[in-house]
Amino acid sequence: MPMTSTTSPPPTSPSRSGGLAQRLLGTKVADVLAGPHDVDHYLELLRPDWAVRRIRGEIVQVEHQNDDSLTITLRPTGTWPGFEAGQHVEISVDVDGVRHRRSYSPSASAHPRTRTIELTIRRHPEGVVSRYLKEHARVGMFVGLSTPRGEDFVLPDPRPRRIVLISGGSGITPVLSMLRTLTDECHDGEISFLHYARSPKDLLYADELERIATAHPNVAVLPVYTREDAATGDPRSVLTGRFGVEHLRHVLPVDEDAAAFVCGPGALVEAVRTLWAEEELRTPLRFEHFAPPVLPDLDPDQLGDVTFAGSDITAAADGSTLLEQAEAAGLSPKNGCRMGICLTCKCTLNSGVVRDTLSGEIGGVPGEEIRICVSAPVGDVSVDL
Amino acid sequence: MSTPTATPPANAFDDDDFKAVPKSDRPLSPKAPDRESRPAGHSRATASTDVAVAEPGSDTSRTPGPLHAVPHMSQDMLDAFGREMEAIRKKHMDDRGERDATYIRSIIKAQRRLEVGGRALLEFAWVPPFWVAGVAALSASKILDNMEIGHNVMHGQYDWMQDDELNGRTFEWDTACPADQWRHSHNYMHHTHTNIVGKDRDIGYGILRMSEDQPWEPYFLGNLGYVSALALLFEYGVAVHDLETEELRTGTWNLRERLPMLKAIYDKVKGQAAKDYVLFPLLAGPGAPATLSANVTANIIRNLWTFSIIFCGHFPDGVEEFTEEETADETRGGWYVRQLLGSANLTGGKLFHIMSGNLSFQIEHHLFPDVPAHRYAEISVDVKEACERYGLDYHAGPLPYQLFTVFRKIAKLSVPSAPELQDYLDRPSSSRVGKVAGRLVGGATGVVRGAGGVAKGVVGTVPGVRRATAA
């Protein structure tokens, strides 16, 4: 929900054309008429910009910030409930037939009058979704959207007097959203925006930050370039090097009625948290970091522990299938053919990888549904049983 | 009947395709049901058996194989065939991608267009051309929804796309049958136990006598009547299928146990009926009766069509049935051969295959139930080629003829042969009324059988042979 909505109503009702029609489509009668599918199943074909339950976003603007980064602006369906600055949203994109889901933090203001969602995506060399979007994102394309997520990394209400926003690289997006939201709210407390980039060329939203700093005297924008030779040329670059106590003193001279946020690579977040603990600061620090999960190289014969997460049971793997292991552990998972045909035993793989006992192939990503009757664990594995 | 002619020619193993098969001296799947309990003599002793299989006259080819239908197939040959099928499966599973996604999404789009268009036309069903066009569009939409989309999605053929709408475990379809019950009765019961009499409940759907191995009783005199009703009301037949109501006849059916399933069926049927038979007709105002009649017609057309395709999958002449005994120690290779021999394809054009949900490739579907079905046409080329090498029958025929043989079989099996009648009368469990009816029928039997044109000498002998095998 939008956090300050005293003047305008929360944008939960369809705000664009077809308000009444969409409302009719959201009724129980429409559900029965569309059954056993839902109304959205048909709208996707007829009016993809309409929805009654699902959330979709149409790309209305594509901007390439630099060689690696892309900013897309989405116009969401009327089902989008709005978000709070700092939250993230999962977008789903089909690449080579497979639907991939990735979380990004909107970077635009969360003020209710903002009707669009702005996402900045950094291309990762191995990233299926980021590479696809960098190359193929076009105006008019639709992507799936989740409801906004993340309850902790948001601005407290009421707003503290002093707000410190620290970010690194593409971690700028949620804190930029906070900054833009605060300025839209005409927040008059002091805001320090400390951002780490490798060089001025890598600095995202350079113009926008400049504009905000100029227009709002209470906002201090402090870009820091971590590459040693890069600091020259930006008059605002008063700080250099990596995050340390000197940087902290600069942005948080008084440890009182303040709130701090950090988002960025793991190392930055760790450095900030460590210093916070060492200095015993009272200002609450909220943090978030995006790190792609690292898959360990595993010997295919390696046996680890099998965790049946739903039952809170962990057992040492013995090389048999997950179904057999679950049964040996006293569980009775639903199953049928026990030979990989009927899919009755499918359940969610929480973590780890498995070997297909029929083909010998190793695979599995967290969240995937696997046939446990023909899957043997490789290394440590957790399944939702 | 398959011709137990030759073991595969030796040069078959020089084939490039075959080399792609990972060779191993272990059975195909160590986790195949009951594989471990097989007598040691049946398992492959060394890797060199591959070659031994290929030599006509080697020991393995003289011992009859485990399946009565293909005595020339030794256990090793069954497993070798299974490995070839696994290689075909792998080839297509690894290749899944954009092409499959584009295909199923275009089918879904076509189905939605037909449905929305058909429903719109049928709001004016009182105009005769609209009635006809609307019924055509709505029937086609329901057929696509049930077969190419619903049936195939529920087999998990598109699970890899990670699209919640195409998830085989949650998909719901536009018929009276709750999808969850279908997943049990079809994906598990039927696809695992295909054509094993006594285990595959699709043999006769619990109400028909479809196999000589089902003992005759007077109830089956109504075979033709039951099948006609089933064809017209097929969606409801499928809906109650998982209830195992045949147990009503033996008095073992437990209502209390089945209540949750009945509730699910009730809810599904209620929704379907409310939509097709109440809401859409009401929306047509004074044209309601015309819309109602059109919706009923569309559902019946869909029922007749799906019934025809499905019954031609396993019951035409030549398709094999199996006993529980011969499949008790089955390996995955044996499973593949049973799927092949227990299924029959339908020949036809591209549109016919799409409208049958590619179940016209019933053989390929049973071999590879989770491979996207639009690939079955190209897969069939490889399967046929392998069948020729292994001397395995590949059943296929046009829909009208296959359907004719199915109905001929249903008519034939409604009346007992002389030994079957005797067997029935000797059974201690047979009721007295039944016995009287049975004796009355006895006289008429010969006449009907003769009229059916099936007294080819097979009738008397085959059941006997089967029972001997089973014993």
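Let me start at B:Ile300, which sits in helix 12 of chain B, where helices (H or I, at least four residues) and strands (E, at least two) are DSSP runs numbered from the N terminus. With a relative accessibility of 31%, B:Ile300 counts as partly exposed, because buried means under 20% relative accessible area, exposed means over 50%, and partly exposed lies in between (1.4 Å probe, protein chains only). Before I go on, please keep in mind that this is a predicted model, in which local features need pLDDT of at least 70 and side-chain atom pairs count only at pLDDT 80 or more, while totals for chains, interfaces and linings use all residues. Residues are numbered from 1 along each chain as its sequence is written, chains are lettered from A and ligands numbered from 1 in the order in which they are written, and side-chain values use heavy atoms, with hydrogens and water left out.

B:Ile300 belongs to a nonpolar patch on the surface, together with B:Leu232, B:Leu233, B:Leu292, B:Val296 and B:Leu304, and the accessible area of this group comes to about 430 Å². Patches are made of residues with over 30% relative accessible area and no salt bridge, with like charges joined within 9 Å and nonpolar side chains (Val, Leu, Ile, Met, Phe, Trp, Tyr) within 5 Å. The areas come from the Shrake-Rupley method with a 1.4 Å probe, and for residues only the protein chains shown count as cover. Helix 12, residues 288-314 of chain B, gives the most to this patch, namely 4 residues.

Now to where the chains meet. The size of an interface is often given as the accessible area lost when the parts come together. Here chain B and chain A bury about 3,700 Å² between them, with 54% of it on carbon and sulfur atoms; buried area is the accessible area (1.4 Å probe) that two parts lose on being put together, summed over both. Chain B brings 51 residues to the contact and chain A brings 37, contact meaning heavy atoms within 4.5 Å.

Across this interface the rule finds 9 salt bridges, a salt bridge being a side-chain nitrogen of Lys or Arg within 4 Å of a carboxyl oxygen of Asp or Glu. A:Arg54 and B:Glu165 form a salt bridge through their side chains, at 2.7 Å from N to O. On the side of chain B that touches chain A, the elements giving two or more residues include helix 4 (75-94), helix 6 (128-154) and helix 11 (255-283) of chain B. The largest share of that side, 10 residues, comes from helix 5 of chain B.

Turning to chain A, we have 9 helices and 17 strands, and buried residues make up 51% of its 385 residues. Two cis peptide bonds deserve a look on the screen. One joins A:Gly35 and A:Pro36, with omega about 0 degrees, and A:Pro36 lies in the loop between helix 2 (28-34) and helix 3 (39-46) of chain A. The other runs from A:Asp157 to A:Pro158, with omega near -5 degrees, and A:Pro158 is in the loop between strand 6 (142-145) and strand 7 (162-168) of chain A.

Finally, the backbone of A:Tyr205 has phi near 55 degrees, a positive value in a residue other than glycine. A:Tyr205 lies in the loop between strand 8 (190-197) and helix 6 (206-215) of chain A, and is buried, with a relative accessible area of 8%.
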